[in-house]
Amino acid sequence: MKKLFFIAAVALSMSLVACSGGNKENSASDSSKSTQSVEEIKDGNTFEAKSYTISYPKDWKETFSTDDVLNVKSADEAMTFSINYDAEGPTADQLKDKADFAKRVNTDLYKEVDEPKVIAENFITLRRVTNEGEVELSFTKVLDGTKCIMGAMKSPADKEAEAEKILMSIINSVKLK
């Protein structure tokens, strides 16, 4: 029974981990910093999901997809990106509560879990480091009401800065249908 509960808790935390947030006081300054350094994906691949479109770097390869889920991997296979659409996700006002829960649940599962980072009022990330040293940048971005995208960018620690830039570029390419 304990094992079943643990598995359910891990599954729940993974679905909510992207729902990380912070206070709104930092959202304007964090947002302006992130949009200044984000490069647009030019001549990339486009994925037409059922509910959204997204672009990712041209040399990245799709490893899995369904109607509203996409997983891709960098050409050198060092980085992975996953995204999922949820029509019944959190609202922007609910992100802080979800973030507090996700951080608490993930603290015991990861070597390191940072404080959630507010990118914009409707967009947050949570940095985690696995026991193997891989960096995971989970994200949630509310697109409209409860319609949101969530997922993660994973990379080795030495490619974290590059992974974060690519993550921001990919997320900024998302268009709701």
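Glu77 lies in the loop between strand 4 (69-73) and strand 5 (80-86); helices (H or I, at least four residues) and strands (E, at least two) are DSSP runs, numbered from the N terminus. This is a predicted model, where local features need pLDDT of at least 70, side-chain atom pairs count only at pLDDT 80 or more, and totals for chains, interfaces and linings use all residues. Residues are numbered from 1 along each chain as its sequence is written, and side-chain values use heavy atoms, with hydrogens and water left out.

Most residues other than glycine have a negative phi. Glu77 has a positive one, near 65°, and Asp43, also not a glycine, has a positive phi of about 55°. Asp43 sits in the loop between helix 2 (27-37) and strand 1. Glu77 is exposed at 55% relative accessible area, and Asp43 is exposed at 61% (exposed means over 50%, buried under 20%, partly exposed in between, with a 1.4 Å probe and protein chains only).

Three strands make an open sheet in the order 1-2-11, with antiparallel pairing; two strands pair if DSSP finds at least two bridges between them. The edges are strand 1 (45-48) and strand 11 (175-176), each pairing on one side only. Strand 1 and strand 2 (residues 52-56) are joined by four bridges, and Phe47 has Ile54 in strand 2 as its bridge partner.

Helix 4 (residues 160-173) lies across strand 2 and strand 11, at about 150° to strand 2. That angle is taken between N-to-C directions on a 0 to 180 degrees scale, using axes fitted to C-alpha atoms, for helices over the stretch in contact. Ser173 belongs to helix 4 and is buried at 16% relative accessibility. Beyond its neighbours within four places in sequence, Ser173 contacts Thr53, Ile54 and Ser55 (contact means heavy atoms within 4.5 Å).

## Rings and a charge

There are three aromatic pairs, counting rings of Phe, Tyr and Trp (its six-membered ring) with centres within 6.5 Å; planes under 30 degrees apart are stacked, over 60 edge-to-face, and the rest tilted. Phe81 and Phe139 are stacked, 5.8 Å centre to centre with 5° between the planes. Phe81 is in strand 5 and Phe139 in strand 9 (residues 135-144), so the pair ties together parts 58 residues apart in sequence. Phe81 is buried at 2%, and Phe139 is buried at 0%.

Phe47, Tyr52 and Tyr85 form one aromatic cluster. Elsewhere, the charged end of Lys141 sits over the ring of Phe123, 5.5 Å from its centre; the rule asks for NZ of Lys or CZ of Arg within 6 Å of the ring centre and within 35 degrees of the ring normal.
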